[in-house]
Amino acid sequence: LRHLVPIRLATWVVHRVDGWLGRVQSWDEDLVVRFGPENQHEFNVNRGRIRAANMKQGVAILEGFYRDFFPGLDVSVSMSDLRSGALDCEWVKGSLAAVNNLAVTSTVGPIEGNGPPRKVQATIEEISIGTVRVEWLTQVPLRRGTSSDQPPKDDDSPEDKLLFLLGEAESSSRWALGDRLMLDGALAEVCGVETCVDVRWQDDALSVRIPARELQLCNPDAFSFFPSELVCKRTLLEEASADGFLPRHAAAPRAPSAGGGGENNPQPQSAGAGGERGGRRDDAQPRVGYVVSADPATRMVKLRWVEEGGFSDEEEWSAFDLQIDPEYGYRLGDAVIRCHDWEENSLGSHRSGEESAGAKVGQVAALESGSVRVRWLDGALTLHTPKELYRIGDEEEVSVAESEAERNTSADGDGATRQAEAPSQAAREAALAKATAVLDAANDNDDEGEDAEAGDGSKRGEAA
């Protein structure tokens, strides 16, 4: 099934020519409308294409129940906006003068005195996406050539130049009552939705197709872990900050942004291309492991460490000694690239079977016992080790425009900015003391509530 208008706010998109990844901010919907009554003879029909109708106040839906445009929907069109040019209308058939004459007899709303009619009724016949406004975040490697050093214009991206990065889970979960789609050539409307989910519980048990109504969302704390999550040993110095702890799922390092993926800097793992934590892939790396199972009552976690050529034997660790790996802690739906794709592009090479143009970018579809399953833009599903991938465009990623503004601000007050970014030694010590106190309190609370937690019959799981 495919939505009549598949584009949504914050949808991941890739520019098929320039090789940039971004999120949709807004878009224009162009309408082909027929003016006049439905039983009007085709010879007398007046038909116009109104551009960016969803952004204009001169086009309004007559029935208050509906919220989106779709073929067959009746709308009212402001005659004053048509005459003044506020509505960009291209006449496919007929003319403004003919519509103005028609409006005298089929006007919507009262006519004040002897003045001209204010609105006329029309019926939508076609709907299409015009210009899409995108917040561009980062470059991605292309199958042929290199991505452009500068991002496309934020407010000038036609739909035919965009590729939608929609995973299967994201597409199927976006349906809601009243959504419309084309089914067997006819317009259909969603009149019922039933959601079922597969859940992997903390003890590694799998429940299949549970009705969503039977489940309740829970917000796990920093010491709750789930099977296949990628973790490392908790380090207080890395987590301590002036405000306390980092979020449970800290953002992974960012891929190169403006100028980061071209010939001068082809690899995202190089220094300066990986954001704040870009040097970790070259330095001595802490061990990364995946969770086998976790016990919320005892706060003990069974895990296996990822090693060269395989995995270690199963070990049992305290949840208070672990954290989600800040670099490899992938989540479902994350946008990722393969690290070696930048190097291949810089050498002007591509593997056989990749003759067609397009971006080499995908979304995390599943975490599977220390490996990451990715659905690529072309629909292919492949399994990778965590270190083969690089997360891009995460929630902490800022747009190119924001980066330029920050860079200009830093240039204006370079000394003051550096001083503000560097916390004092006293602040670091205070943050470390606060973090230690939180851990001690968590240990005390865990000892006191162990019996209560052991007797709790509820289970925690994570939707697969």
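Two residues are said to be in contact when heavy atoms of theirs lie within 4.5 Å. The structure examined here is a predicted model, in which local features need a pLDDT of at least 70 and side-chain atom pairs count only at pLDDT 80 or more, whereas totals for chains, interfaces and linings use all residues. Residues are numbered from 1 along each chain as its sequence is written, and side-chain values use heavy atoms, with hydrogens and water left out.

Leaving aside neighbours within four places in sequence, Leu367 is in contact with Ser228, Tyr330, Leu332 and Val372. Leu332 stands 35 residues from Leu367 along the chain, and the C-alpha atoms of the two are separated by 7.7 Å. Leu367 belongs to strand E21, residues 362-368. Such labels follow DSSP runs numbered from the N terminus, a helix being H or I with at least four residues and a strand being E with at least two. Relative accessible area, computed with a 1.4 Å probe on protein chains only, is called buried under 20%, exposed over 50% and partly exposed in between. Leu367 counts as partly exposed because its relative accessibility is 21%.

Strands of a sheet pair through backbone hydrogen bonds, either parallel or antiparallel. In this analysis, two strands pair if DSSP finds at least two bridges between them. Five strands form an open sheet with antiparallel pairing, and their order is E23-E22-E21-E20-E24. At the edges are strand E23 (381-384) and strand E24 (389-392), each of which pairs on one side only. From one strand to the next, the twist averages 45 degrees; the axes used are lines fitted to C-alpha atoms, for helices over the stretch in contact, and angles run from 0 to 180 degrees between N-to-C directions. Strand E20 (residues 335-338) runs antiparallel to E24 and is joined to it by four bridges. Within this pairing, Val336 stands opposite Arg391 in E24.

Charged side chains come next. A salt bridge is counted when a side-chain nitrogen of Lys or Arg is within 4 Å of a carboxyl oxygen of Asp or Glu. The whole structure contains 14 salt bridges. One of them pairs Arg133 with Asp28, whose closest N and O atoms are 2.5 Å apart. This pair links distant parts of the chain, since Arg133 is in strand E7 (residues 119-139) and Asp28 is in strand E2 (residues 20-35), 105 residues apart. Arg133 is partly exposed, with a relative accessible area of 22%, while Asp28 is buried, with a value of 11%.

Another salt bridge brings together the side chains of Arg47 and Glu125, at 2.5 Å from N to O. Because Arg47 lies in strand E3 (residues 46-50) and Glu125 in strand E7, the pair ties together parts that are 78 residues apart in sequence. Arg47 counts as buried at 15% relative accessibility, whereas Glu125 is partly exposed at 26%.

The nonpolar interior may now be considered. In soluble globular proteins, nonpolar side chains tend to be buried together. A nonpolar core is here a set of buried Ala, Val, Leu, Ile, Met, Phe, Trp, Tyr and Cys residues joined through side-chain atoms within 4.5 Å. The largest such core has 32 residues, of which Phe35, Phe69 and Val77 touch the most other members. Two or more residues each come from E2, strand E5 (74-78), helix H1 (79-84), helix H2 (96-105) and E7. The largest share, eight residues, is given by E7. A second, separate core has 16 residues, including Leu165, Val361, Tyr390 and Ile392.

Finally, two loop residues show a particular backbone angle. Ala52 is not a glycine, yet its phi is positive, at about 50 degrees. Ala52 lies in the loop between E3 and strand E4 (59-61) and is buried, with a relative accessible area of 13%. Asp184, likewise a residue other than glycine, has a positive phi near 55 degrees. Its place is in the loop between strand E10 (180-183) and strand E11 (186-189). Asp184 counts as exposed, because its relative accessibility is 80%.
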